Amino acid sequence: MTQAVSSQQEEDLLWASTDPDVQRDYSGQYVVPFQGRIVAHGTDLEAVLREAEKATGKSRHELPDCAILDPLREVPG
């Protein structure tokens, strides 16, 4: 089953995946963008999602997550 993505989630993902400050500050990490800000970040996706749930009061299934790739590594973590 495919999860529907809201336009706000799409905007947040686009912002997080292209913003130079986000790319620099969170390189090599997973981030959860929510309403134009990063509400959780780190190298352990499960921990990041738990933190984002607490910060937003939303379920992890309602939150977008994005890997910010480190140009020197292939995947975060």
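Tutor: Let's begin with exposure: buried means under 20% relative accessible area, exposed over 50%, and partly exposed in between (1.4 Å probe, protein chains only). Note that this is a predicted model, where local features need pLDDT of at least 70, side-chain atom pairs count only at pLDDT 80 or more, and totals for chains, interfaces and linings use all residues. Residues are numbered from 1 along each chain as its sequence is written, and side-chain values use heavy atoms, with hydrogens and water left out.

Student: What makes Glu53 partly exposed?

Tutor: Glu53 has a relative accessible area of 24%, which lies between 20% and 50%, so the label is partly exposed.

Student: Why is the contact of Arg60 and Glu53 called a salt bridge?

Tutor: The term asks for a side-chain nitrogen of Lys or Arg within 4 Å of a carboxyl oxygen of Asp or Glu. For Arg60 and Glu53 the N to O value is 3.5 Å, so the pair qualifies.

Student: What does Arg60 form with Glu46?

Tutor: Another salt bridge, at 2.5 Å from N to O. Arg60 lies in the loop between helix 3 (45-56) and strand 3 (66-68) and Glu46 in helix 3, so this pair ties together parts 14 residues apart in sequence. Helices (H or I, at least four residues) and strands (E, at least two) are DSSP runs, numbered from the N terminus.
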